[in-house]
Amino acid sequence: RSGDGEGLAPGGSAMMKRSLIFLILAGLLITACGPEAAPSNSGASNEHTAAPTGRVSLDQLNEGTAIVETEIVPESSTIHQPPPPTTAAAVPLEIRVSVPYSLDIPCHSPEFAPDGDRYLCWRGSGLDTELWFGSLANGLDRLVANNAGYPAWSPDGHTIAYLTWDEKSNNSYNFVSTQTGELIHTEQASGSVDEARSFEFTPDGRLAFVQAGTLYILDLETQERVALLDLAADVDQQSPGTSTSIEIDLSPDGDRVALLRRYVDAGVSTLSVFDVITGKESLLSDAIGPQPAQPFAWSPDGKWLAFSTFASRVTGERETADLWLVDAKNLDQKKLCSHEEPTWSYNFVTWLPDSQVILFTANARHHEAGKYFTISTLGGEPQLLFEGGQGLRLARQGQMLVFYDAYISSMPPQFDVTGDSGSRGVTISF
């Protein structure tokens, strides 16, 4: 070879090796830090598959348990930007429920404290009722009051509020310390129990309630009340009926109030959201229908409002039961699921603590046993967890679901439980 190799210095071979290694490492560094290569399935250098959607599937397990998980299904559409990072919504969800078992809660409508173990519940019917304090660990503990019901817990669990009544419609809200049992304050309530039972603690410990067609906020320290909204007319100022029952649900931050107006004489219900900061009320739906019980709820993180509709006001359109999800920021809605059997409605809309899963029941109008479903906020088909009973309460930070061998009756819908052995539960893990 004309002696090319002989002209190299004694260390030339080693230097060439080091140079080659340096060039290889530099190429690797450029590859790692440089722009992304184009996906193999696209001619564009910056296209990628859009964020996946979820589909819920159900697999039966042993010993009567069930698991609900999301299967990630890619869409075929593409967008021209770097792929987003993985989000919590893309993580599969797992929910297991045990076989239903008996609970010793010998009264109905239990309201659980923030600790998830203590509860308030009431027995009897009409004016003859008893309000009891109890816990899952020890059962009923002590009688709180007679002729009382509709209890509520303060966010810190240190105060309870409940409604009392008599034959002359002298209704009032009583506030009691759970630590001392002392009566803190008594506030006059509406003479109509249907109106007076619409009350709830705000995140800062005040009380939101309805009286004389007005939404108020009561400060327990100063005992002053402030009017927030006139509820006498519907949001569009065209009330479809005169006999009105109002239900409220505050968002976790207290900045929004979901308002359900039931026009009993017209068989129509409307749902709206009132923004406490701006003073604006926005109509979400006028198709709630007269039947659904507890058909709306805020997610624990405050980002979503879930609600069910039952009736259509369009002539000739078939009635369906639908479950909707609303974005709390812009009030955009999307339908999660639908059922075209006109004798069923979706009730007791409830969220798991992770704000990714909604629980609800499907119940017939004619006092038949209900079916319990779950659905992911990603969408997909609702999955049956178990059947039987009415009502839905979560205890132990969402680890237990409490329900009853009971039926929905009266308007507005309420629990109607007879006997002392109606409560049951299932254990939830997720």
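Buried, as I use it today, means under 20% relative accessible area, exposed means over 50%, and partly exposed is in between, with a 1.4 Å probe and protein chains only. By that rule Ser-269 is buried, because its relative accessibility is 1%.

Some ground rules. This is a predicted model: local features need pLDDT of at least 70, side-chain atom pairs count only at pLDDT 80 or more, and totals for chains, interfaces and linings use all residues. Residues are numbered from 1 along each chain as its sequence is written, and side-chain values use heavy atoms, with hydrogens and water left out.

The whole chain next. The protein chain has 2 helices and 35 strands. Those are DSSP runs numbered from the N terminus: helices are H or I with at least four residues, strands are E with at least two. Of the 430 residues in the chain, 47% are buried. The accessible surface is about 21,600 Å², and carbon and sulfur atoms account for 51% of it. That area comes from the Shrake-Rupley method with a 1.4 Å probe; for residues, only the protein chains shown count as cover.

Now contacts, meaning heavy atoms within 4.5 Å. Take the contacts between residues at least 6 apart in sequence: 43% of them join residues at least 24 apart.

Back to Ser-269. Which strand holds Ser-269? Strand 21, residues 268–275. Setting aside residues up to four places away in sequence, Ser-269 touches a list of residues including Leu-260, Arg-262, Asp-286 and Pro-290. Keep Arg-262 in mind.

Next, Gly-157. Gly-157 sits in the loop between strand 11 (148–153) and strand 12 (159–164). Is Gly-157 buried or exposed? Buried, because its relative accessibility is 1%. Beyond its neighbours within four places in sequence, Gly-157 contacts Pro-114, Arg-118 and Thr-178. Pro-114 is 43 residues away along the chain, yet the two C-alpha atoms are 5.9 Å apart.

On to charges. Side chains of opposite charge can pair when their charged atoms come close. My cut-off for a salt bridge is a side-chain nitrogen of Lys or Arg within 4 Å of a carboxyl oxygen of Asp or Glu. How many salt bridges does the structure hold? There are 10. Here are some of them.

Arg-393 pairs with Glu-111, with 3.5 Å between the closest N and O atoms. This pair links distant parts of the chain: Arg-393 is in strand 31 (residues 390–395), Glu-111 is in strand 7 (residues 108–112), and they are 282 residues apart. Arg-393 is buried at 11% relative accessible area. Glu-111 is partly exposed at 28%.

Glu-187 and Arg-225 also form a salt bridge, at 2.7 Å from N to O. Glu-187 is in strand 14 (residues 183–188) and Arg-225 is in strand 18 (residues 224–230), so the bridge ties together parts 38 residues apart in sequence. Glu-187 is buried at 11%. Arg-225 is partly exposed at 31%.

Then Asp-322 and Lys-335. Their closest N and O atoms are 3.9 Å apart, in a salt bridge. Asp-322 belongs to strand 25 (residues 321–327) and Lys-335 to strand 26 (residues 333–339), so this pair ties together parts 13 residues apart in sequence. Asp-322 is buried at 7%. Lys-335 is partly exposed at 46%.

Last item. Which residues are linked with Arg-262 in a network of salt bridges? Arg-197 and Glu-247. And Arg-262 is one of the residues that Ser-269 touches, which brings us back to where we began.
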